[in-house]
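Open the model in your viewer and keep the selection panel at hand. The stops below go one selection at a time.

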Amino acid sequence: MENKDTFLRKDFVFALIMLISGFLYCNLIHLDSLGAGVTIFAAIFCLSVFFYLRAGGIQQTRRSILCLIIVVLSSLVFLLFDNMLIKGLNFLFLTFTVIYWISLSTGRTLENKLSAYILGDFFNQVIIIPFSNFACCFSALKSMTTGNKKGKSLLAVVVGILVMIPVLAAVIALLSKADAAFAEVIANLNFNISMEIIIQIILGIPVACYLFGLIYGDLFGRNTETVTVASVDKLSASARFVPEVTGYTALTLLNLVYIAFFLSQLAYLFSAFNNHLPELMTYAEYARRGFFELCAVAAINLIVLTAVYLLIKRGRERVLKIETVVLCLFTLLLIVTAISKMVMYINCFGMTPLRIYTTWFMLVLFLIFAVITLRQFKKFNAARTMLAGFVILFLALSYGNVDGRIAAYNIDRYQSGALKSLDVQALAGLSAAAKPYLYSLYTETTDPKLKAELCKALSPQAGDSNGESDMNDFRDFNLQRHLPTYPISLR
């Protein structure tokens with residue numbers, strides 16, 4: 001392997017590709033739409049990295065290939081679906097997954113398996129390595145000009161152009177406003193310099209430096225040893241300064257409070273299992289109170305358990321396991337109860353995005369606490385199980401066509417008579433995934449009032465993000481928005 005400070009022709013070429021990628025990152029990815037541009041950029045970037053690593057002697061492993069498959073599945077969400085909340089979360093998920101794929105491919109993870117050390121991996125990969133190698137992109141470009149007059153001249157020209165682009169744009173824009181004749185000459189020459197493109201070029205440079213620094217650093221092991229297993233263990237050991245009696249006392253008191261709580265609230269908490277409401281409570285109050293109780297309890301329990309395992313000195317492990325199991329079981333019981341409430345609420349009032357997302361969140365919490373509970377009885381890789389479960393649940397949410405399922409479910413329940421009314425306005429606020437189901441109901445219903453509401457819901461509104469304004473921009477393209485199954489006249 002080459003010296004880490006020696007740049008070869010392939011590094012020079014890859015630095016140029018990263019400069020282009022930095023521009024494409026700013027140009028293709030529209031954060032207000034997150035459409036096909038994200039998919040295109042992910043494909044270009046991953047292919048570039050794949051061939052660069054291959055040229056550096058890196059072969060993909062089974063783990064890195066699996067991670068790359070997850071990257072592909074995640075990137076396709078932007079091409080296929082229209083739900084902005086899920087795509088926003090998926091954008092973060094895709095970013096971290098790509099970074100982890102790079103670290104897996106180059107073997108720069110702290111351990112050769114998924115474990116709790118993945119937190120150290122992300123700190124190292126997201127912050128330490130890219131920023132400590134930030135200048136390597138320019139060093140790679142400069143390396144090809146050493147002892148080469150033509151190379152130096154070319155680099156000087158490129159730098160001059162980059163420096164003068166914003167100056168020239170500003171001057172030309174001002175002169176065009178000052179003189180009509182000059183403005184006409186510029187118009188006839190089609191010399192329309194877009195400030196947006198210029199800004200994207202400028203912003204793309206630090207993006208390129210970040211990406212090149214991360215990949216080059218991982219490939220050649222440059223500044224990758226700042227965070228190690230030993231340093232993480234040392235930091236973890238130094239953080240354990242609280243006497244174990246203090247931690248066990250806190251857990252015991254918390255568990256006693258939960259025992260009293262469950263005993264005093266048995267009728268209220270378990271009413272959902274019998275589809276029965278407590279007196280003087282509506283369905284909305286019952287389900288919502290259950291959800292907020294769940295969030296508060298789960299947050300407290302996670303914070304307490306995390307603090308205990310990070311801050312308490314280890315001694316009597318058996319006591320810690322018992323306290324942990326009891327706390328987790330209480331939390332799991334409340335999660336099951338809350339999910340039952342939510343199912344009852346959905347059966348009575350239909351689905352909404354908030355109800356679906358909260359139910360999904362409950363399932364994630366159930367996974368976490370179930371794994372923690374099982375880990376107290378049997379040794380296994382809990383971090384890998386949690387992460388794998390989360391990835392599966394997240395991809396299921398991403399590919400679940402949430403808005404389409406909501407519209408289909410509510411309309412079906414309304415037509416069967418289970419729902420007394422249909423909130424057309426709420427369904428109209430969903431993404432384009434709901435439109436085909438609304439149109440299907442529009443063609444079937446004979447209720448003139450409902451038909452009028454559906455027609456209004458299917459018609460484009462002023463400032464509608466799903467309207468015609470962005471139909472021609474391939475960056476914003478997604479199949480759900482651009483392949484409607486209802487007449488264009490209703491859009």
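Begin by selecting Leu76, a residue of helix 3. This is a predicted model. Leu76 has a relative accessible area of 30% and counts as partly exposed.

Now select the whole of helix 3, residues 62-80. Its 19 residues reach 27 Å from the first C-alpha to the last, close to the 27 Å expected at 1.5 Å a residue.

Which residues of helix 3 are buried? Colour Ser64, Cys67, Ile70, Val71, Ser74, Ser75, Val77 and Phe78 to see them. They lie on the same side of helix 3 because they cover an arc of only 130 degrees around the axis. Turn to the face directed away from this buried side, and the exposed residues Arg62 and Leu66 are there.

To see what covers the buried residues of helix 3, show helix 2 (36-55), helix 4 (84-106) and helix 16 (382-398), which are among the covering elements.

From there, move to Ala36, which is found in helix 2. Ala36 is buried, at a relative accessible area of 6%. Leaving aside neighbours within four places in sequence, select the residues in contact with Ala36: Phe78, Leu79, Phe474, Arg475, Asp476 and Phe477.

For the last stop, draw a C-alpha to C-alpha distance between Ala36 and Asp476: they are 5.9 Å apart in space and 440 residues apart in sequence.

Technical notes
Residues are numbered from 1 along each chain as its sequence is written. This is a predicted model: local features need pLDDT of at least 70, side-chain atom pairs count only at pLDDT 80 or more; totals for chains, interfaces and linings use all residues. Side-chain values use heavy atoms; hydrogens and water are left out. Helices (H or I, at least four residues) and strands (E, at least two) are DSSP runs, numbered from the N terminus. The expected span of a helix is 1.5 Å times one less than its number of residues. Buried means under 20% relative accessible area, exposed over 50%, partly exposed in between (1.4 Å probe, protein chains only). The arc is that of the directions from the helix axis to the C-beta atoms. Contact means heavy atoms within 4.5 Å.
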